Amino acid sequence: MAASADDVAPSTASAYLDPSYWDARFGKEEHYEWFKDFSHFRHLLAPLLSPSLSVLEVGCGNSRLGEELLREGVAGGVTCVDLSPVAVQRMRDRLATQGTKGVDVVVADMLDLPFEQESFDLVIEKGTMDVLFVDSGDPWDPNPTTVDNVMKMLKCIHRVLKPEGVFVSITFGQPHFRRRFFEAPEFTWSVEYSTFGDGFHYFFYTLKKGKRSPESSSYQNTLPAAPKLNMVHEELENEDFIFLTNLD
């Protein structure tokens, strides 16, 4: 029997930063899709796909996105990484049982990706970066540890992307919180975003390496004033809501 949300949800949000939490969780949980499954954002991701692409999914957990990419015709190689050896082994076992070939599952830290420079055409993260923000403090002025880790992650992704490669980030993070990181001076990618979902919108960021726009440079010096937000999610029984930023 699959574990219920109550069986695997942590007592505090900061537990998401503890690798041992994920090992224990993935030992019980068969499948969970953070921030919706592929069917909800296929219309945004499919136009970026082609058979020849090499794809890296960062923080795969027990998601089935890798298999969905194969079904979409990606044949250049799909690599899924996660920090949890338990998650990686369970995904390997699942793929072997299904007879699914073409997905390589690797134990790896997203802050220190073990791949050569310019290895992938497309890098995808879905809810993984949001974990770094669960203990960030003021969302308008995150603590230094959060800033350092987010930048480490993004630098790793930028490094392993091929020239003109694409990074897709699927997140709760609104543009006024994410763009300051995405548009840091050391990155050469452009930043665009769309939304998906009913009622509450998830953000789908598309960052294209080598296509940085002039607006990206100016944004760093013109951060908007903090808005007055009161965000309500229609699925509060769903664990994803922990990653919402609530401001009075």
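Colleague: How many disulfides does the structure hold?

Modeller: The structure holds 0 disulfides, a disulfide being a pair of cysteine sulfur atoms within 2.5 Å. Cys60 is in no disulfide, since the nearest cysteine sulfur, that of Cys80, is 5.0 Å away. This is a predicted model, in which local features need pLDDT of at least 70 and side-chain atom pairs count only at pLDDT 80 or more, while totals for chains, interfaces and linings use all residues. Residues are numbered from 1 along each chain as its sequence is written, and side-chain values use heavy atoms, with hydrogens and water left out.

Colleague: Why is Cys60 called buried?

Modeller: Buried means under 20% relative accessible area, exposed over 50%, and partly exposed in between (1.4 Å probe, protein chains only). Cys60 has a relative accessible area of 3% and therefore counts as buried. Cys156, with 10%, is buried as well. In the protein chain of 248 residues, 48% count as buried.

Colleague: What makes Pro19 partly exposed?

Modeller: The relative accessible area of Pro19 is 40%, so Pro19 is partly exposed. Pro19 lies in helix α2. The C-alpha atoms of Pro19 and Leu83 are separated by 7.3 Å, although the two are 64 residues apart along the chain.

Colleague: Why is α2 described as roughly parallel to α5?

Modeller: Helices (H or I, at least four residues) and strands (E, at least two) are DSSP runs, numbered from the N terminus; the protein chain has 9 helices and 7 strands. Axes are lines fitted to C-alpha atoms, for helices over the stretch in contact, and angles run from 0 to 180 degrees between N-to-C directions. The axes of α2 (residues 19-28) and α5 (residues 85-98) cross at roughly 25° and come within 7 Å. Angles under 35 degrees count as roughly parallel, over 145 as roughly antiparallel, 65 to 115 as roughly perpendicular and the rest as oblique, so α2 is roughly parallel to α5.

Colleague: Which residues make that contact?

Modeller: With contact meaning heavy atoms within 4.5 Å, α2 contributes Asp23, Phe26, Gly27 and Lys28, and α5 contributes Pro85, Val86, Ala87 and Arg90.

Colleague: What is known of Gly61, and is this residue buried or exposed?

Modeller: Gly61 is buried, because its relative accessible area is 7%. Gly61 lies in the loop between β1 (55-58) and α4 (65-71). Not counting residues up to four places away in sequence, Gly61 touches Phe26, Asp82, Ala87 and Met91.

Colleague: Why is the pair of Phe133 and Phe181 called edge-to-face?

Modeller: Rings of Phe, Tyr and Trp (its six-membered ring) pair if their centres lie within 6.5 Å; planes under 30 degrees apart count as stacked, over 60 as edge-to-face and the rest as tilted. The structure holds 24 aromatic pairs. The ring centres of Phe133 and Phe181 are 5.6 Å apart and the planes stand at 75°, so this pair is edge-to-face. The pair links distant parts of the chain, with Phe133 in the loop between α6 (128-131) and α7 (144-160) and Phe181 in helix α8 (residues 175-182), 48 residues apart. Both Phe133 and Phe181 are buried. Phe167 and Phe182 also form an edge-to-face pair, at 6.3 Å centre to centre and 85° between the planes.
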